Amino acid sequence: MATDGSDPVPPNQTFDTILVLDFGSQYSHLITRRLRELNVYSEMLPCTQKLSDLSWKPKGVILSGGPYSVYWPDAPHVDPAVFESGVPILGICYGLQEIAWHFGKNVLAGEKREYGHAYLKVERHGDGEAGGHVDTLFQGLEDDMEVWMSHGDKLSHLPDGFVTVATTSNAPFAGMAHKSSKYYGIQFHPEVTHTPQGKTLLKNFAVDICQARTDWTMGKFVDQEIARIRALVGEKGQVIGAVSGGVDSTVAAKLMQEAIGSRFHAVLVDNGVLRLNEAKQVKETLTAGLGINLTVIDASDRFLGRLKGVTDDPEKKRKIIGNTFIEVFQETAKQIAADAHDSERAGDIEWLLQGTLYPDVIESISFKGPSATIKTHHNVGGLPKDMNLKLIEPLRELFKDEVRELGTKLGIPEDLVWRHPFPGPGIAIRILGEVTPEQVRIAREADNIFIEEIKAAGLYRNISQAFAALLPVKAVGVMGDKRVHDQVIALRAVETSDFMTADWYPFDGAFLKKVSRRIVNEVNGVCRVVYDITSKPPGTIEME
């Protein structure tokens with residue numbers, strides 16, 4: 001890792017890297033995640049990637065699944081140079097068919113679609129004519145193993161030079177291997193949890209066949225990323241970045257502090273729609289606890305003033321909050337830059353910290369392109385170009401679980417590392433209707449009770465995200481022997497691995513009864529509590 005001001009070396013030139021070429025499968029990112037879990041570094045690029053444009057050579061290539069048929073006139077195909085690169089290749093589902101198409105165009109539509117669980121019969125070849133390496137992919141696996149299928153096309157016959165290594169009742173060529181080259185294809189998906197032994201198969205490919213080192217760890221990443229930051233910023237450069245108290249921004253901020261100390265300027269903008277006592281807690285955690293140079297700006301009056309009167313337009317709320325954040329952040333950045341310049345402590349502020357994660361990168365480079373916009377992203381996006389700041393993104397190679405592990409390595413408290421996500425627009429998108437100081441109070445207090453009880457029940461780590469939302473309706477209730485007409489709180493809690501899909505969390509009745517009783521008794525203005533049991537899709541995780 002360069003530390004002398006020269007261009008820093010990215011992970012793909014430091015760690016043995018398996019390249020995943022994405023043909024648009026909904027599972028493609030899981031291949032990369034499973035390899036990372038094996039401590040093998042992996043990156044995903046679109047299937048159209050030209051190998052000649054890469055500045056690094058992969059240890060192996062995996063061709064993902066995809067929603068296409070390889071025989072369609074406009075079907076995507078891999079760069080032919082992949083097959084001339086001399087590295088092992090594994091094709092998964094569409095990837096298997098892509099290999100077969102390349103070596104003989106022998107793929108056709110199946111008479112029967114195969115979707116769901118199937119039982120795979122492994123065929124062993126030993127050290128005979130096929131060569132000993134053909135059995136390596138399934139070494140240590142059962143001859144009759146459960147797998148997950150999702151395909152309509154299948155091979156009409158094996159390409160020349162290949163042998164069958166696995167079959168199912170509906171797919172006679174469910175696995176194939178080349179006799180002399182280390183090319184493999186499987187019709188099932190080893191990356192999903194529905195294939196119980198799939199991770200072992202990926203390990204066989206990456207570690208035993210590709211000979212990739214298993215040295216991708218957050219311990220090594222910390223040292224190398226700190227060196228990379230120092231090389232980018234230089235000895236006097238300064239960095240500014242917004243923090244929210246969430247795990248991503250906190251880990252990024254702590255990493256910057258470890259790298260350049262007080263030359264990193266963290267900014268927390270209190271927008272008036274944070275959680276109960278959040279600004280105070282974040283300040284204590286980041287400054288006293290983690291030693292981060294933090295400026296807190298209370299702009300709650302400005303935010304709430306601009307939200308006044310906005311009742312039924314969630315996108316307008318988001319834009320008001322996003323634009324106001326940019327305005328406040330820009331003002332603060334200019335003041336910090338002026339103070340730093342006057343003190344002559346260091347150079348000018350040239351860099352903007354951004355907490356981009358690898359799923360964001362994957363979304364932007366996916367072969368299918370970025371997904372359709374359901375709503376403006378919860379987190380505030382890019383800042384104006386006239387700020388003339390260069391982006392620094394220390395987490396852009398990491399998945400969420402890796403960020404949590406990195407946070408632990410950096411000494412960030414466990415309760416913060418495992419904190420549930422919180423949207424940039426805050427409680428404003430959990431208040432359906434107009435956002436007023438009184439509505440914020442009700443939503444905050446109810447949310448705080450819900451999270452308190454989840455933690456007290458030992459359920460917090462089992463749940464991916466939970467919150468209380470305030471509905472734009474009133475209901476009749478009886479409190480203190482008199483009739484009231486007060487507001488309704490909706491509780492929401494979900495389980496998810498990637499936040500692309502989610503299921504509601506199955507609390508027992510006693511838990512919900514306790515939470516409901518506390519909210520009605522302790523939060524003035526609420527007389528009824530409901531629990532949202534809508535999965536994603538069709539619902540979104542947040543209410544707006």
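Helices (H or I, at least four residues) and strands (E, at least two) are DSSP runs, numbered from the N terminus. By that count, the protein has 13 helices and 18 strands. This is a predicted model, in which local features need pLDDT of at least 70, side-chain atom pairs count only at pLDDT 80 or more, and totals for chains, interfaces and linings use all residues. Residues are numbered from 1 along each chain as its sequence is written, and side-chain values use heavy atoms, with hydrogens and water left out.

Start with the whole chain. Buried means under 20% relative accessible area, exposed means over 50%, and partly exposed lies in between (1.4 Å probe, protein chains only). Of the 544 residues of the protein, 56% count as buried. Contact means heavy atoms within 4.5 Å. Among contacts with a separation of 6 or more, 77% join residues 24 or more positions apart.

Now turn to an annotated stretch. In an unreviewed entry, UniProt lists Ser244, Gly245, Gly246, Val247, Asp248, Ser249 and Thr250 under "binding site". Of these residues, Gly245 is included in the lining of the second largest pocket. UniProt positions are given here in the numbering used for this model, feature names are shortened, and annotations may be inferred rather than shown by experiment.

Two residues of this stretch deserve a look. Ser244 is found in the loop between β10 (238-242) and α5 (247-260). Gly246 is in the loop between β10 and α5 as well. Is Ser244 buried, partly exposed or exposed? Ser244 counts as partly exposed, because its relative accessible area is 37%. Gly246 has a relative accessible area of 16%, so it is buried.

Their contacts can be traced too. Not counting residues up to four places away in sequence, Ser244 touches Ser249, Leu268, Glu278 and Val282.

Next comes the pocket. The search runs on a 1 Å grid over the protein atoms alone. A cavity is a set of points where a 1.4 Å probe fits but cannot get out, while a pocket is an open set with protein on both sides within 12 Å along at least five of seven lines. Lining residues have an atom within 4 Å of a point. About 480 Å³ of space lies in the second largest pocket. Grid points are joined across faces, edges and corners, and a volume is the space filled by probe spheres set on the points.

The second largest pocket is lined by 23 residues. Of these, Arg275, Gln281, Arg419, Ile451 and Lys455 lie nearest its centre. The elements that give two or more residues to this lining are α6 (278-289), α11 (414-417) and α12 (437-456). Which element gives the most to the lining? It is α12, with six residues. By class, the lining has eight nonpolar, six polar and nine charged residues. Here Ala, Val, Leu, Ile, Met, Phe, Trp, Tyr, Cys and Pro count as nonpolar, Asp, Glu, Lys and Arg as charged, and the others, Gly among them, as polar.

Two other sites show how the chain meets itself. Glu350 lies in strand β13 (residues 349-353). Glu350 counts as partly exposed, because its relative accessibility is 34%. Leaving out residues up to four places away in sequence, Glu350 touches Gly237, Gln238, Asn388, Leu389 and Lys390. Asp160 sits in the loop between β6 (144-155) and β7 (162-167). Its relative accessible area is 68%, so Asp160 is exposed. Leaving aside neighbours within four places in sequence, Asp160 is in contact with Phe103 and His178.

Last, some backbone details. The peptide bond from Lys536 to Pro537 is cis, with omega near -15°. The bond from Pro537 to Pro538 is also cis, with omega near 10°. Pro537 lies in the segment after β18 (526-531). Asn39 is not a glycine, yet has a positive phi of about 65°. Asn39 lies in the loop between α1 (28-37) and β2 (41-46). Gln211, not a glycine either, has a positive phi of about 60°. Gln211 lies in the loop between α3 (198-209) and α4 (218-233).
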